[in-house]
Structures are given as C-alpha cells and as structure tokens.
Amino acid sequence: MFDSTFKQPLQITTLVFGLIAGVVLTFSTNSLLNWVKKKQDVVDNYTKTEEIADGVVGLIGNTPLMRIKSLSEATGCEILAKVEFLNPGGSLKDRAALNIIKKAEEQGLISPNSGCTIFEGTSGSTGISIAIISRAKGYNAWIIMPDDQAEEKYQLLEKLGATVEKVRPASIVDKQQFVNLAKSRAEQFGKHQGVQQDVDKDFEIINMQNSIDNSRKAGFFANQFENLSNAEAHYYGTGPEIFRQTNGKIDAFVAGAGTL
Ligand SMILES: Cc1ncc(COP(=O)(O)O)c(C=O)c1O
C-alpha cells in the first residue's frame, strides 16, 4: 500500500519547497503589510492635519489676517485686518454662537438630535450663525427678528432650516420686542414638557429639569446680548489667534464693539 522508496524523495522536495514558499510568503506578507502601513500613515498624515476642518463647525474661527496694502503704504504702519467674513456664516458671530452652544452642551443643557430648540432674538447675523451650527449639530433654530430687515436674511435663515418669526420693531421694555420674545418663546417651548425653570449665572436656562434627560426636549435661549459665552469666544479664541498670527507684535488694536 505504502511505497516508502518512491515517497521519500518527494517528501524532502515538498519540505524544501514548503520552506522556500514559507520564507518568501513571510517576507512578501511583511513587506506588503509595511507598504499598506506606510500608505495608511501617509493618508493619516494628510487627513489628521489641522488643514482639514471637521464639518462646517470646524470652519469657524482661525480666519486669516490680511494686510491692508493701501493703508499700510499710506501710513508707513503695518495695518492688518482680521477677515471675519470668511467664517461660514459670513460674520464673527459664528464664534459667539458656537461658544454659546458648546457651553450649553458642556453644561448638559442641550443635546443634539433630541428635539432641543435654540431660540434667539437677532437682527440677523447671530441668527444665521445659530441656524448653521444648529443644522450641523442637530438642533432646531427658532429665530425672532424685527420685520424691517433685509429680505435676504429671512430667506437665508429659512433655507438653513430655521423657523423665522418676524415681529414689529418695539422698545426693549416691550414684551413683544424680538429679544424678549425669544426668551419667552423658549420658556413656552419647555413648559409643555412639564419641567421646571432654572436660572444659571451665565445662561438663562429655560425649563430644564434638574437632572438632564436627553429624551426631553429643551428650549434654550441663546441670549447673545447677556450671555458671557459670547465675549469668551473672543477672549479665548479671536484674541489669542491674533496674537499668534502676529507673533505678539501688536502696537494697537482697533475694533468696532456693540453689545459685548
Ligand atoms: C448695536 C447692535 N445691534 C444689533 C446687534 C445684533 O446683531 P445680530 O445681527 O448679530 O443679531 C448687535 C449685536 O452685536 C449690536 O451690537
């Protein structure tokens, strides 16, 4: 049955071939794995760089500084401008809106994709910023504006998915004034959830329950005019950015300042 004289040389040959194939396979597999790893490292190096923004929210801030040639040449001073209109919402209000929303999230006041609605009284810019960020993060935006603003602002807000409520311009002491109304709309929004009102030192927290339950919708009043997170966006963001971009060589800083 078993012919050992015939099988013996075949077994040695098979063994030798097997060894050679094993060695070749080991080396080629290793080099293939190394090659794949190197490729992956290259891809990672590209994709993990700060050059690639993480969604639309990642585009906010880090705006360029532009040397204003005409003024610099006319004055003999280097005059630079921080190009805030390159934020995705077209204004520096993106920074404030993002920080207001981030801080509210950190404090557990709102959470994405849970029906939370962010209310704001605005003449437009902050509303556009809130609408963009809300859309990106999974919130509803409810924007209350005076009805005498440019039509394009309302249209843009609606295109961004925000609910837009236009009201007659009114005095700040009037309950129907757009900012006052945004606050009371947020209060009303939460009321049917049967949760209690709470007031934080930085935020007007509307109708949030004590312990955060993500399944409950919350109305959140962004409150750009009184929310400290607005100014903090510049204190911790815009300011250090300018300092870094100029290597700290700043003799004078000029800015238009409104609310904060
Ligand atoms: C004087 C003044 N008006 C209106 C606003 C509202 O601006 P927004 O269009 O961003 O709501 C501000 C906010 O900074 C302001 O300072």
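The protein chain has seven helices and eight strands, where helices (H or I, at least four residues) and strands (E, at least two) are DSSP runs numbered from the N terminus. This is a predicted model, in which local features need pLDDT of at least 70, side-chain atom pairs count only at pLDDT 80 or more, and totals for chains, interfaces and linings use all residues. Residues are numbered from 1 along each chain as its sequence is written.

Trainee: Why are α3 and α4 called oblique to each other?

Mentor: Helix α3 (residues 93–106) and helix α4 (residues 125–137) pack at an angle of about 50°, with their axes 8 Å apart. Angles under 35 degrees count as roughly parallel, over 145 as roughly antiparallel, 65 to 115 as roughly perpendicular and the rest as oblique; α3 and α4 are therefore oblique.

Trainee: Which residues make the contact of α3 with α4?

Mentor: With contact defined as C-beta atoms, placed from the backbone, within 7 Å, α3 contributes K93, D94, A96, A97, L98 and I101, and α4 contributes S125, T126, S129, I130, I133 and K137.

Trainee: What makes a set of residues a nonpolar core?

Mentor: Such a core joins buried Ala, Val, Leu, Ile, Met, Phe, Trp, Tyr and Cys residues through C-beta atoms within 7 Å; a residue is buried if 20 or more other C-beta atoms lie within 10 Å of its own. The largest nonpolar core has 34 residues, and I118, A131, I143 and F220 have the most contacts inside it. Helix α3 gives the largest share of this core, six residues.

Trainee: How much of the protein chain counts as buried?

Mentor: Of its 260 residues, 25% count as buried.

Terms used
Axes are lines fitted to C-alpha atoms, for helices over the stretch in contact, and angles run from 0 to 180 degrees between N-to-C directions. Two residues are in contact if their C-beta atoms, placed from the backbone, lie within 7 Å. A residue is buried if 20 or more other C-beta atoms lie within 10 Å of its own, exposed if 12 or fewer, and partly exposed in between; C-beta atoms are placed from the backbone.
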